[in-house]
Amino acid sequence: MRINRQPNDYSCVACVAATVSDTDLRDVFAFVGHNGAEIDPTSPHPRKHRGFRMNELAAYLAAFALRGSDSL
């Protein structure tokens, strides 16, 4: 299993998705199209980072399950 270290406090669920799929966190960022750092005034995060939505990570994991890591 690949160990992914959480680089900040707004990428925890993306890090989990990378770890359970045994891929690199950068693969998750590339798939969803962002790294979660964007500021969003409506975000519940204390510093208003965009973070990751569950539907983005569910799509990543579904694509991984259907195609495998070589296709992502």
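Figure 1. Arg53 is partly exposed because its relative accessibility is 36%, where partly exposed lies between buried (under 20% relative accessible area) and exposed (over 50%), computed with a 1.4 Å probe on protein chains only. The model is predicted, so local features need pLDDT of at least 70 and side-chain atom pairs count only at pLDDT 80 or more, while totals for chains, interfaces and linings use all residues. Residues are numbered from 1 along each chain as its sequence is written, and side-chain values use heavy atoms, with hydrogens and water left out. The side chain of Arg53 meets that of Asp40 in a salt bridge with an N to O distance of 3.3 Å; a salt bridge is a side-chain nitrogen of Lys or Arg within 4 Å of a carboxyl oxygen of Asp or Glu. This pair links distant parts of the chain, 13 residues apart, with Arg53 and Asp40 each in the loop between α2 and α3. Helices (H or I, at least four residues) and strands (E, at least two) are DSSP runs, numbered from the N terminus. Asp40, at 16% relative accessibility, counts as buried.

**Figure 2. The salt-bridge network of Glu38, Arg50 and Glu56.** These residues, Glu38, Arg50 and Glu56, are linked in a network of salt bridges. Between Arg50 and Glu38, the closest N and O atoms are 3.6 Å apart. Both Arg50 and Glu38 lie in the loop between α2 (25-32) and α3 (54-67), and the pair links distant parts of the chain, 12 residues apart. Arg50 has 27% relative accessibility and therefore counts as partly exposed.

**Figure 3. The salt bridge between Asp24 and Arg26.** The side chains of Asp24 and Arg26 meet at an N to O distance of 2.8 Å. Asp24 is buried, its relative accessible area being 18%, whereas Arg26 is exposed, with a relative accessible area of 61%. A search of the whole structure finds five salt bridges, as the overall count for these views.

**Figure 4. The cysteines Cys12 and Cys15.** A disulfide is a pair of cysteine sulfur atoms within 2.5 Å, and by this rule the count comes to zero disulfides. The cysteine sulfur closest to that of Cys12 belongs to Cys15, and it is too far for a bond because the separation is 8.4 Å. Cys15 is likewise in no disulfide, its nearest cysteine sulfur being that of Cys12. Cys12 counts as partly exposed at 37% relative accessibility, whereas Cys15, at 6%, counts as buried.
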